[in-house]
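My entries follow in the order I looked things up.

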Amino acid sequence: MCGIAGYLGPRKAVDVVFDQLKRLEYRGYDSAGIAFPERQDIRILKKAGKLSELGRLLEDTETSDVRTAMGHSRWATHGAPTDTNAHPHFDQTENVSIIHNGIIENYLELREELAAKGHHFHSQTDTEVAAHVIGDEYDKGVPLEEAVRLAVKRLRGAYALVVMSRTEPGKLVATRNASPLILGFGEHENMLASDIPALLPYTREVMVLEEGDIAVLTDHSVRIMDGDSREVPIKAMTIEWDIAAAERGGYEHFMLKEIHEQPDVIRQTLAGRIDDKNQIRFEQIFGEHVWHEIDRVNIIACGTAYHAGLMGKYLFEKLLRLPCDVYYSSEFRYGDPVLSPKSLAIFISQSGETADSLAALRLCKEKRIRTLGIVNVIGSSIARECDRTIFTQAGPEISVASTKAYTAQVLVLTLLALYVAQVTEAPGIRVPSVVEELKGLSEKAKACLNTEDVVLALAEDVRNAPLCFFLGRGADAYVGMEGALKLKEIAYIPTQEMPAGEMKHGPIALIQPGVVSIFGATNDAVLEHSSIREKVISNMQEVKARGGTIVAITTEEDNTVERVAEYVVKIPKCESEFLSALLSVIPLQLLSYHVARLNGCEIDQPRNLAKSVTVE
Ligand code: F6R
């Protein structure tokens, strides 16, 4: 997500902060800004676009005497990437300025509350609202750190915040909740950043600020307090990594980092979309009456996003009984699809720039079909051109192989289906209880990361497999398709993916010793006296009888697959079977990663592939 940097000390603070922002560039950004004390005021310079745009502003500004500065590179979540929406932001009286990474979930409520007290807002951001809340407390005459402590009690959501005040110019106050913030300690200088690489040229002594703690930095001291103002001891650690490894947060590859980010991505994607009564809230999508009118959904996407779309179909049809088709974007455009005027076309795209999807979107616009985007990159073409867009809030995805974006896309589709159920009062779904499950999903995703031991052993077999099948029923089959795509694109292992029941109609002829079949068996729902899992186990038996190697991904309470499968990967169970299936993508992603690593493949930039496919 966004990049945060701050410096106090004898060096040219603006130059240091600009350099730190450059070192955070790999996180992705669309605008940037810097604040520093100037005479009795705070000076803010900010600009949409690349860092070089901000660099040009700085070239024309005399800053060589500045000894305290903070800077931000923004990856937009609320409001387009414009100069005005860029950070830093002022409060109402311009006494304080802040930079922020994360999402303030209750910013609309707070904005209304403050507007009623006469506050004026210049941007569309949640950050400016947070600045006003801090200013509101600071105006009561308390020290800056106390104002921040009181203000964060009014904020809900994920944030890392750094605050500067006009009247205490040699001080930066920082706090965080669920967004990263690292403090760096030097000789007569102190600094902070949202990631370690930004600090490494200046110090290797760092500390991760704990959630809820408040740090007060000057050039010669750092004080940390907890949320009740009790002093917290400083525990610095020495970083030995080289700078390139540090950019990946110590992970060997971005892909692995992004796989491990998924518990946080789940929290971020839910942020601001669930209220206290477990109801779904979506801003900026169609009015409630529109959902009563829609008679069919067409989901249009490519690759991983297409696979997320298949999960959408499962959800819309199962939860809402709303007919849904999923199209490859490249086929949709030339297939002359029959489109109901009351239908909704949903475009799913991480980058928001995929040419095939954009062309299909323009076709729908021509035909006056309602369009809804599910997009990760704010300001991208698909996000701008759809009638409405929901952002996945997954943060920048750098590895070519999409991992965390998929999870966020499926989660947004789940929220959307629940939202439609809520507004149309669809019978038979208890939205609050599914929402309660969603709240625990991040922890369950964390547990899925612990499957690495069995996945590593399995990777040793898969690395030499001439062919790998991905099989399952229902949502498990759809997730298997995504698992197969990962193994092909990263590890170059040939795959075949299909519903498990299809094997016996032909593809089973390909089974021979050495061929690995990975079965998703997370669904134990009972239909007509036998469970779906039992049916999958029968399909496993058919493959095993022909000499194939069997792998089962199942939920932790199950002990039925062991009698057939050579490898069993266990993940936490969710009451909603599509959520268990979604979680099973994590061991599949880890599997492709480890097979690729064992086979010495170029993981973050696999051969023949590009991150954003802007040609048809
Ligand atoms: C696979 C992958 C691709 C993309 C596809 C669509 O790991 O990344 O299959 O999912 O090219 O890209 P977006 O989502 O940017 O439209």
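I take helices (H or I, at least four residues) and strands (E, at least two) as DSSP runs, numbered from the N terminus. The model is predicted, so I kept local features to pLDDT of at least 70 and side-chain atom pairs to pLDDT 80 or more, while totals for chains, interfaces and linings use all residues. Residues are numbered from 1 along each chain as its sequence is written, and side-chain values use heavy atoms, with hydrogens and water left out.

**Entry: Arg370**

I found Arg370 in strand E18 (residues 370–375). Is Arg370 buried or exposed? Arg370 counts as buried, at 18% relative accessibility. My scale calls a residue buried under 20% relative accessible area, exposed over 50%, and partly exposed in between (1.4 Å probe, protein chains only). I then looked up its partners. The Arg370 side chain makes a polar contact of 2.6 Å with the side chain of Glu293. A polar contact is a pair of N or O atoms within 3.5 Å; within protein, one must be able to donate a hydrogen and the other to accept it, and residues adjacent in sequence count only if both atoms are side-chain atoms. Leaving out residues up to four places away in sequence, Arg370 touches residues including Phe286, Val290, Lys342 and Asp387. Contact here means heavy atoms within 4.5 Å.

**Entry: Tyr29**

Tyr29 sits in the loop between helix H1 (13–23) and strand E2 (31–38). Its relative accessible area is 19%, so Tyr29 is buried. The side chains of Tyr29 and Glu25 form a polar contact of 2.8 Å. I also checked Leu51, 22 residues from Tyr29 along the chain; the two C-alpha atoms are 8.7 Å apart. The backbone nitrogen of Leu51 is 3.4 Å from a polar atom of the Tyr29 side chain.

**Entry: salt bridges**

I searched the whole structure and got 37 salt bridges. The rule is a side-chain nitrogen of Lys or Arg within 4 Å of a carboxyl oxygen of Asp or Glu. Lys404 and Glu261 meet in one at 2.7 Å, N to O. This pair links distant parts of the chain, 143 residues apart: Lys404 is in helix H14 (residues 404–424), and Glu261 is in the loop between helix H7 (254–260) and helix H8 (262–270). Lys404 is buried, at 3%.

Arg296 and Asp325 also pair at 2.7 Å, N to O. Arg296 lies in the loop between helix H9 (288–293) and strand E15 (297–301), and Asp325 lies in strand E16 (residues 324–328), so the pair ties together parts 29 residues apart in sequence. Arg296 is partly exposed at 29%, and Asp325 is partly exposed at 28%.

**Entry: cysteines**

How many disulfides does the structure hold? I count 0, with a disulfide being a pair of cysteine sulfur atoms within 2.5 Å. Cys364 is buried, at 0% relative accessible area.

**Entry: domains**

The domain assignment, of automatic or database origin, gives domain 1 (3–236), domain 2 (248–439) and domain 3 (448–603). The C-alpha centres of domain 1 and domain 2 are 32 Å apart. Their contact takes 18 residues from domain 1 and 17 residues from domain 2.
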